[in-house]
Amino acid sequence: MAQPDAAPGDATPLGVWPGTAYPLGATYDGAGTNFSVFSEVADAVELCLIDGDGAETRIALDEVDGYVWHAYLPAIDPGQRYGFRVHGPYDPDRGLRCDPSKLLLDPYGKAFDGDFDDDPSLYTYGLDSLGHTMTGVVINPYFDWGADRAPNRPYHETVIYEAHVKGMTMTHPDVPEELRGTYSGIAHPAIVDHLKGLGVTAIELMPVHQFLHDRVLLDQGLRNYWGYNSFGYLAPHNGYAAMDRAGSAVTEFKAMVRALHAEGIEVILDVVYNHTAEGNHCGPTIGFRGIDNAAYYRLVDDDPSHYMDYTGTGNSLNVRHPHTLQLIMDSLRYWVLEMHVDGFRFDLAATLARELHDVDRLSTFFDLVQQDPVVSQVKLIAEPWDVGEGGYQVGNFPGLWTEWNGKFRDTVRDYWRGEPATLGEFASRLTGSSDLYEATGRRPSASINFVTAHDGFTLHDLVSYNEKHNEDNGEDNRDGESWNRSWNCGAEGPTDDPDILALRARQSRNLLATLMLSQGVPMLAHGDEMGRTQHGNNNVYCQDSPLAWMDWSLREENAELLEFTRAVIALRTEHPVFRRRRFLAGGPTRSAGGARDIAWLTPSGEEMTDADWDSGFGKSLAVYLNGEAIPEPGPRGERITDDSFLLCFNAHDEAIDFVLPRTGDGGEWSVALDCSTPTGLADAGYPGGATVTVEARCLLVLRQAA
């Protein structure tokens, strides 16, 4: 049995077997652990085993296959901390940054321990970083999943709830204090019951890949709260573990998924494969940079000492390199197969499509996803833009993909704040944005509809502030989006004016109802259902504090808004006419005997003309949805029928009378949802042809029973 070379100060050498090049990372098999790391530029690689006192044992990885350095150590069990040292050229002007004085983190590490102290050794060539950086942890991959099954919820039946692990749980009075801010907190019955009570079917967690807190933020007493600073693509963030034990985050994350699945709730991860926490050329060397800088990062062609930056964060991953692509794909498969997640939302996904400089819709990454039998079968959601030239790509992703529909957000905000000439685009967004997705063979579910998300104003703030108020971020209010399409309804921020407060509440209901009753997949931002506020801060990425956390006392203070949100989600869930699998035809449908599935009407009850659509001042219209004209069959081929609905939209600042359509059977129209009431409930009925007054800036939904 070969023995490792000893370095000065090393502990007693361990037995080393050749091991295998695959799988990459540290893999425990019940008897020992295989270690494997890729580096094309290395001259030599050492595995470093770290004991409880921080002492280091170095193991030379003498086996190399296809630039993958590997060994198997039969004595190494779960809990062992480790890292790598890579010997090779250091010449930043040529993009070469090997430095054996750095303890480097495993790109395939499944758990990490410790923290970074921002010591100069992390930034300076030749200074040893051991003791100043995190370490990898060998994990036990075995877990009792019991009867866990993926809910496999179809897109058209999905309602997504975007949430932050810590922010969602930190102030909930029924979550034990020791579980707040953790995966176990999300799995607690108090949180699960809230999600089920709302009627959401999937929770989309903001980044849980292991991430780094920027020193510039820590120096200001701030933190990288959102977590868009990843470096461990197979590891759940250890800061969200309830137990202070190396590797416990893995078990706790799995238990969370199991608990959510048991209640039929899917888990979607917000993933950041576009850049890493190492930042630009002045950033720390913690892993990728020291292992193989040019393989993992996009370097400037004529100046490889610097990094291409399509994300505004200092670097961009090099998705042109096969091993970087392999890392991303292996990471995705790992989270599906081993961690049982149900899908991914890709941050700044346009960056992943950049083969050279331009965004290429058919880039290698998307080809790989299309062909992968695991990844291709889960929910794939793109944030379809980055900050590079040509990065705005809404509507341009391949057929498997859904997209955050930024045009839906912008149009719905503009319509309800009274911007002129929005009716035509508003109609497109309401009906699933066929202008964006139908040409690529996609369905309405390709549109992930949202009015608010983590990035920007909350719903409460959207109707309470005209300007951002980000002074707490320490950047003189320069950070965050300045063009928010918000409207404060007459006063900036807090007010005691009852008329303004009533208008804000009505606008919140209008926006929520429009979101939930539009074709496509709705996404609700956590806390919007109870009026969460960030006091006008639209960029709380660095605010790990009550400013960004959910305030659960708002459940009582804004109980009517919470009840309204539950009611409008239930309305969507109970009626397939609001969640069609196919785009609306607009004309006669064969399955309904020639009946139309949708009609657009003026308040007077006449069909909209071109002049009506082109009217710059028009702010009101009615939408008739025919529940007897749904052509797509149910899951067993059965015909789907539903009640018919009339949605009366009035974004005008005065009340408007709407004439209700007459129906052949003379059925009565009843109120299904009235945004002028605090809970949306109203007990009223009207015959066809009657005139109904819709309050100023209000949505009224009427139903006619099938």
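Biologist: How many helices and strands are there in the protein chain?

Modeller: There are 16 helices and 31 strands. Both are DSSP runs, numbered from the N terminus: helices are H or I with at least four residues, strands are E with at least two. This is a predicted model, where local features need pLDDT of at least 70, side-chain atom pairs count only at pLDDT 80 or more, and totals for chains, interfaces and linings use all residues. Residues are numbered from 1 along each chain as its sequence is written, and side-chain values use heavy atoms, without hydrogens and water.

Biologist: What makes the radius of gyration agree with a compact globule?

Modeller: The rule is 2.2 Å times the number of residues to the power 0.38, and the radius is taken over C-alpha atoms. For 706 residues a compact globule would have a radius near 27 Å; the protein chain has 27 Å, so the two agree. The C-alpha trace spans about 90 × 55 × 50 Å along its principal axes.

Biologist: Why is strand β6 called mostly covered?

Modeller: Buried means under 20% relative accessible area, exposed over 50%, and partly exposed in between (1.4 Å probe, protein chains only). In β6, residues 68-73, six of six residues are buried. Across the protein chain, 60% of the 706 residues count as buried.

Biologist: Which residues cover each face of β6?

Modeller: In a regular strand the side chains alternate between the two faces of the sheet. On one side of β6 sit V68, H70 and Y72; on the other sit W69, A71 and L73. Every one of these is buried.

Biologist: How do you know that β2 and β6 pair?

Modeller: Two strands pair if DSSP finds at least two bridges between them. β2 (residues 33-38) and β6 have six bridges, in the antiparallel sense. There, T33 stands opposite L73. Strand β5 (residues 63-65) also pairs with β6, antiparallel, over three bridges. E63 stands opposite H70.

Biologist: What do β5 and β6 form?

Modeller: They form a hairpin with two residues between them. G66 in the turn has a positive phi of about 55°.

Biologist: Why do β24 and β29 stand at the edges of their sheet?

Modeller: The open sheet has six strands in the order β24-β25-β26-β31-β28-β29, with antiparallel pairing. β24 (598-601) and β29 (685-686) each have a single partner strand, so one side of each is left without a neighbour in the sheet. The partner of β24 is β25 (residues 620-625), joined over four bridges. W600 stands opposite V623 in β25.
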